[in-house]
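The following note comments on two places in the model. Please read each point with the structure in view.

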Amino acid sequence: MTQRKIIHIDMDAFYASVEQRDNPLLKGKAIAVGGLPEQRGVVATASYEARKFGVRSAMAMKRAVQLCPGLVIVTPRFAVYKEVSRQVRSIFERYTDLIEPLSLDEAYLDVTENKQQIVSAIAIAQQIKSAVRDELQLTASAGVSINKFVAKIASGMNKPDGLTFIAPDKVTAFIENLPVEDFHGVGKVTADKMNALHLFTGADLKKLDEAELTKLFGKHGHFFYKIVRGIDDRPVEPNREIKSVSAEDTFITDLSNIMELKEQIERISAIVSSRLEQNKYKGRTITLKIRYSNFRLLTRSYSHPVSISDRETIAATAFQLLVKSGLDNVKIRLLGVGVSNITELDGAAGNAQLSLF
Amino acid sequence: MKFIVSSSSLLKHLQQISGVINSNTVLPILEDFLFEIEDKKLTIVATDLETVMRVQMEVESKANGKVCIPAKILIDSLKNIPDQPLTFSIDKNFAIEITSDNGKYKVMGENPDNFPKEPVADDTNSFTISSSSLLTAINKTLFAVSNDDLRPAMTGVYFELHKDFIQFVATDAHRLVRYKKTNVKCPKEDNFIAPKKPLNLLKNALPDSDDELTVNYNASHLFVTHGSTQLICRLIDARFPDYKVVIPTDNPYKLLVQKSDFQSALRRVSVFSNKSTNQVALSISGSELQLAAQDVDFSFEGNERMSCQYDGEDLQIAFNAKFLIEMLNAANSDEVKIELSTSTKAGIIKPTEQAEEEELLMLVMPLMLNS
């Protein structure tokens with residue numbers, strides 16, 4: 001395969017920036033787009049002003065308000081974000097059709113061959129950023145490199161409004177110097193585990209062979225092995241269909257208290273629900289993933305007769321599944337909630353079935 | 001403890017009750033069978049905490065004793081052993097050694113004292129019903145039971161006991177089946193909801209014969225005994241919806257169709273329906289019934305027409321074809337009568353001929369026609 005040119009574009013604080021753009025009163029203010037704290041809402045996006053106080057995505061709104069007392073909470077307008085996302089996409093389409101959206105505010109572009117025969121991927125990234133600024137009054141950060149993994153990390157390096165290029169001959173050094181917690185797919189818990197094993201950077205991971213990595217990190221071990229050697233052949237897939245939407249969290253300490261578990265399920269379900277609603281998706285099947293303290297994994301799923309996306313139903317179903325899995329003397333280190341059997345909401349296939357009760 | 005048993009007979013007994021065991025349970029002991037020998041009688045028990053099933057068989061043994069044996073590995077091994085006597089030897093650490101003509105197999109058992117205790121049959125009431133009658137009642141209702149755990153009352157079959165008849169009712173809120181059986185006597189008016197899983201297990205365990213079954217129940221459990229096989233299950237602790245009020249009493253339009261013709265037409269046309277709704281629209285006018293399905297996303301379209309007897313005003317109404325097909329299956333007559341009113345109200349399906357001691361009534365709610 002010839003050397004590819006991949007750009008990862010990430011809109012800066014997307015929902016919050018759209019809100020600040022459309023409502024001048026919010027400009028320069030600490031705002032968070034998401035659900036209300038009294039309804040156990042979570043932060044979908046926080047503006048940079050709010051991030052200074054430590055407000056982050058997926059945080060409980062209640063906690064966000066504690067951290068940042070003057071926080072302005074804005075109810076999301078997903079229809080608007082979807083429309084803006086479509087406008088951003090139309091800018092991408094001036095350069096390539098190989099666009100893989102990851103969500104409304106993030107996408108990979110393969111510009112190895114592009115419609116305007118521009119040789120430099122950096123130039124394309126610059127043009128896209130200018131177009132986004134001039135036409136949409138929003139900022140985006142771009143990462144440019146030879147594969148998806150490096151491009152994505154690069155885009156996050158100089159946020160907001162950044163452009164980071166990792167040259168082909170610098171990729172190896174870049175990954176070797178990369179702290180493990182910045183690896184895509186490494187969360188806090190995996191990072192702690194790696195640190196405990198004295199694995200702090202890509203270079204440390206590179207010292208381990210594939211078998212050792214797989215033994216330590218399961219199927220991700222294989223991915224880590226290739227990635228630290230700069231190998232990432234995953235193509236930019238324009239038509240990747242979303243098959244499921246999920247979220248999960250590993251707890252700092254294992255949980256066994258039913259009320260705590262319920263709270264976590266509600267929090268995770270809220271994230272899943274907002275991701276579904278962003279894309280106007282609904283799904284029928286709810287899956288609960290439980291990892292016990294002894295690493296035993298259990299997944300349980302339940303299919304509703306009709307498609308749903310609301311937080312209450314997702315949480316209630318997941319909680320039901322949790323209760324059915326048995327809660328006597330268990331310690332749980334991870335919970336995940338997923339929705340699959342996805343249908344897009346735009347169609348006519350809603351709840352046409354009438355009910356007796 | 002030591003006993004000798006025929007491999008094929010043991011397998012047959014285990015398979016009668018192995019359906020109780022869930023494949024992925026949190027308590028490892030629930031993946032075991034409890035073996036208990038008393039006076040050369042082996043009792044085997046399986047449970048998932050909600051349902052308990054037990055069978056008994058004769059074995060050769062000198063002493064009494066108990067042990068828990070992992071179910072999957074035992075069944076897998078028995079399936080591959082040709083019919084012969086097997087010797088089971090269990091030591092005090094519950095290690096099990098099975099000796100056959102071909103060799104020796106070892107598996108670790110578990111302490112039988114940790115096996116969940118069976119619920120006790122206190123304060124029970126009882127009635128008797130023939131095995132085939134209970135089987136028919138299950139077959140005619142179970143398909144309509146809801147899978148919606150958020151509405152637990154509908155996840156089982158409602159047994160409504162009267163002095164000289166029993167009504168079995170199942171619904172998933174979109175359709176409802178009521179099967180009435182008259183030649184049974186119950187000591188008192190009563191009711192309970194039996195969950196889906198044990199009823200499914202009974203379906204496989206009960207013979208289609210006139211054998212009399214004793215059905216015991218109390219406030220929390222149901223106990224069904226047939227010969228040496230017994231099933232105990234926890235009843236659903238919820239209030240069944242007031243189904244009587246949703247049964248229309250005055251649907252004015254009557255449609256009479258050949259059951260098998262209608263069912264085949266629905267099967268053919270529904271292939272072209274939207275897969276999330278299975279919607280088939282019926283247009284009834286004079287003596288003609290038209291069926292139409294479409295899936296706009298894929299440009300699929302299916303249309304058929306068939307003759308019928310219809311007494312009523314021209315009507316367009318849509319149903320989930322899967323529901324209709326399943327309900328027609330439950331009707332044992334050549335013709336069915338469908339009583340309708342408007343396109344948004346429940347339709348009633350009845351067989352035109354029924355045995356004297358039974359009465360089947362089915363309700364189905366339409367789909368909204370998006371015009």
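A polar contact is a pair of N or O atoms within 3.5 Å; within protein, one of the two must be able to donate a hydrogen and the other to accept it. The model discussed here is predicted.

1. The side chains of R175(B) and E326(B) are joined by a polar contact of 2.5 Å. A polar atom of the R175(B) side chain also lies 3.3 Å from the backbone oxygen of F143(B).

2. Within chain B, R175(B) belongs to strand β13, which covers residues 175-181. Is R175(B) buried or exposed? R175(B) counts as buried because its relative accessibility is 4%, and the cut-off for buried is under 20%.

3. In chain A, an unreviewed UniProt entry places the feature "active site" at E106(A). E106(A) is found in strand β6, residues 106-110.

4. E106(A) has a relative accessible area of 16% and is therefore buried, given the cut-off of under 20%.

5. Which residue has a side chain joined to that of E106(A) by a polar contact of 2.9 Å? The partner is H8(A). Apart from neighbours within four places in sequence, E106(A) is in contact with H8(A), I9(A) and D10(A), and also with E100(A), P101(A) and K152(A).

Methods
Residues are numbered from 1 along each chain as its sequence is written. Chains are lettered from A and ligands numbered from 1 in the order in which they are written. This is a predicted model: local features need pLDDT of at least 70, side-chain atom pairs count only at pLDDT 80 or more; totals for chains, interfaces and linings use all residues. Side-chain values use heavy atoms; hydrogens and water are left out. UniProt positions are given in the numbering used here, feature names are shortened, and annotations may be inferred rather than shown by experiment. Helices (H or I, at least four residues) and strands (E, at least two) are DSSP runs, numbered from the N terminus. Buried means under 20% relative accessible area, exposed over 50%, partly exposed in between (1.4 Å probe, protein chains only). Contact means heavy atoms within 4.5 Å.
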